[in-house]
Amino acid sequence: MAAISAVAPVLNKAPVVSTGKAANTNSMMVWQPHGNKFFETFSFLPPLSDQEVARQVQYLLNNGWTPCIEFESAAKAYADTHGWSGLDSSVTAGYYDNRYWVMWKLPMYGCTNPDEVLQEIRACTQAFPECFIRVAGFDNIKQVQCSSFLAHRPTGDRTFAPVTGRQVGGARQQSSGGW
């Protein structure tokens, strides 16, 4: 019993894990806690080209997910508050007004080609040029959204800032009014 309860002394400390970039201050920046509005996957990146969107759609299709195009105006696209409904969100965990965007047509069941999705994104952009447009991938077996990404930003959108502008000490400091 004494052998079981005995604590072995620690002879060596565990090695420190390092990225090897400690001298590179851009490797370890602190994100601004306010005004960093993100939408979906990759929303911190510059707008995606058609070729990049097609590759992301192909990823959805390769996973067997159904693409769906959604859009919303800039005023309602963010879920940064619990919204206007007056619901007590402390008893309805996870509820946010403006979480759900308007669906462009029906989900693209049976879609096998990213070009079909690009064509619908272009049609949605033409009909609603001042809206954000995203592509979501739904798993029809699990009945959940598995992925989504921003495919279009309205002209003059000021929510995108380079990564350095989203960090403390970055090129664009946040003012009290946001970006």
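Hi everyone, let's begin with a pair of charged residues: the side chains of Glu70 and Arg134 meet in a salt bridge, with 2.7 Å from N to O. Glu70 sits in strand S1 and Arg134 in strand S3, so this pair links distant parts of the chain, 64 residues apart. Are these two buried or exposed? Both Glu70 and Arg134 are buried. Before I go on, please keep in mind that what you see above is a predicted model.

How many salt bridges does the structure hold? There are 3, and I'd like to show you the others too.

Take Glu120 and Lys105, whose side chains meet in a salt bridge at 3.1 Å, again N to O. Here too the pair links distant parts of the chain: Glu120 belongs to helix H4, while Lys105 is in the loop between strand S2 (102-104) and H4, 15 residues apart. The partners sit in different surroundings. Glu120 has a relative accessible area of 17%, which is under 20%, so it is buried. Lys105 has a relative accessibility of 52% and counts as exposed.

Then there is Arg122, which forms a salt bridge with Asp50; their closest N and O atoms are 3.3 Å apart. Because Arg122 lies in helix H4 and Asp50 in helix H2, the pair ties together parts that are 72 residues apart in sequence. Arg122 is partly exposed at 46% relative accessibility, and Asp50 is partly exposed as well, with a relative accessible area of 43%.

Now for the nonpolar side of the story. The largest nonpolar core has 21 residues, and those touching the most other members are Val53, Val57, Ile69, Val117, Ile121, Val135 and Phe149. Where does this core come from? At least two residues each are supplied by helix H2 (50-62), strand S1 (66-73), helix H4 (114-127), strand S3 (131-139) and strand S4 (144-152). Which element gives the most? That is H2, with 5 residues.

Let me zoom in on Ile69. Setting aside neighbours within four places in sequence, Ile69 is in contact with Val102, Met103, Trp104, Met108, Val117, Glu120, Ile121, Cys124, Ile133, Arg134 and Val135.

Definitions and conventions. Residues numbered from 1 in each chain as written. Predicted model: local features only at pLDDT ≥ 70, side-chain atom pairs only at ≥ 80, totals over all residues. Heavy atoms only, no water. Core = buried A, V, L, I, M, F, W, Y, C linked by side-chain atoms within 4.5 Å. Buried < 20%, exposed > 50% of the residue type's maximum accessible area, 1.4 Å probe, protein only. Helix = DSSP H or I, 4+ residues; strand = E, 2+ residues; numbered from the N terminus. Contact = heavy atoms within 4.5 Å. Salt bridge = Lys/Arg side-chain N within 4 Å of Asp/Glu carboxyl O.
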